[in-house]
Amino acid sequence: FGNRELNRLFWAATLSTAPVWSLMLLFPRSKVARFLCREWIAPPAMGVVYVYLFYLAQNITGLPRIDDVEMTSVRKFWSHPILFIALWMHRMTLDLFVGISMYRLGRYRKREVRLELALTWLLGPVGMMVFAIRYWIAESLRSLKN
């Protein structure tokens with residue numbers, strides 16, 4: 001595996017979530033989005049790719065040893081090029097899972113969540129934080145009305 005293949009693998013992992021994010025952001029009310037944007041469809045499929053990346057790392061170079069659970073050992077483990085891409089895939093999968101959950105809750109509550117989705121796609125926890133604050137404020141105002 002050379003740099004060219006690793007770079008392709010990185011971009012394939014990076015772009016793998018784009019179709020689902022695009023559906024949620026650009027076509028949130030479409031039947032395709034409502035069907036595909038579910039927690040049990042795309043994230044588990046990406047989990048298969050995540051496991052495959054570990055398989056590749058093991059069979060191409062072997063997995064690095066983790067001598068102890070200290071930052072330097074764990075950092076050395078994840079600095080393996082294929083495992084770094086797996087870690088990146090892990091992050092993208094979890095962000096997508098949270099994004100899909102936000103999308104579905106927004107649809108259920110009849111709230112627009114495109115800003116929060118875009119922020120979650122690009123900045124992960126920042127989008128989740130904005131979603132949580134906005135949700136908390138809306139729920140507080142709703143309970144005051146009742």
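Author: From the N terminus on, the elements of this protein run α-α-α-α-α-α-α-α, in a predicted model whose local features need pLDDT of at least 70, whose side-chain atom pairs count only at pLDDT 80 or more, and whose totals for chains, interfaces and linings use all residues. Residues are numbered from 1 along each chain as its sequence is written, and side-chain values use heavy atoms, with hydrogens and water left out.

Reader: How many helices and strands does the protein have, and what makes a run of residues count as one or the other?

Author: There are 8 helices and 0 strands, where helices (H or I, at least four residues) and strands (E, at least two) are DSSP runs numbered from the N terminus.

Reader: Why are helix 1 and helix 6 called roughly parallel?

Author: Helix 1 (residues 3-15) and helix 6 pack at an angle of about 10°, with their axes 9 Å apart; axes are lines fitted to C-alpha atoms, for helices over the stretch in contact, and angles run from 0 to 180 degrees between N-to-C directions. Angles under 35 degrees count as roughly parallel, over 145 as roughly antiparallel, 65 to 115 as roughly perpendicular and the rest as oblique, and so helix 1 is roughly parallel to helix 6.

Reader: Which residues of helix 1 and helix 6 meet, and what makes a pair a contact?

Author: Contact means heavy atoms within 4.5 Å, and L6, L9, F10, A13 and T14 in helix 1 meet P81, I82, F84, I85, W88, M89 and M92 in helix 6. By class, this contact of helix 1 with helix 6 holds 11 nonpolar, 1 polar and no charged residues, where Ala, Val, Leu, Ile, Met, Phe, Trp, Tyr, Cys and Pro count as nonpolar, Asp, Glu, Lys and Arg as charged, and the others, Gly among them, as polar.

Reader: What makes helix 7 and helix 8 roughly antiparallel or roughly parallel?

Author: The axes of helix 7 (residues 114-123) and helix 8 (residues 125-145) come within 6 Å and cross at roughly 155°, and the two helices are therefore roughly antiparallel to each other. The contact is made by E116, L119, T120 and L123 of helix 7 together with P125, V126, G127, M128, V130, F131 and R134 of helix 8, and its residues divide into 7 nonpolar, 2 polar and 2 charged.

Reader: Why is F97 called partly exposed?

Author: Buried means under 20% relative accessible area, exposed over 50%, and partly exposed in between (1.4 Å probe, protein chains only); F97 has a relative accessible area of 37%, so F97 is partly exposed. F97 has its place in helix 6 (residues 81-109) and, not counting residues up to four places away in sequence, touches E39 and P43.

Reader: How do you know whether K110 is buried or exposed?

Author: K110 has a relative accessible area of 77%, and therefore counts as exposed. The place of K110 is in the loop between helix 6 and helix 7. Most residues other than glycine have a negative phi, whereas phi of K110 is near 60°, a positive value.
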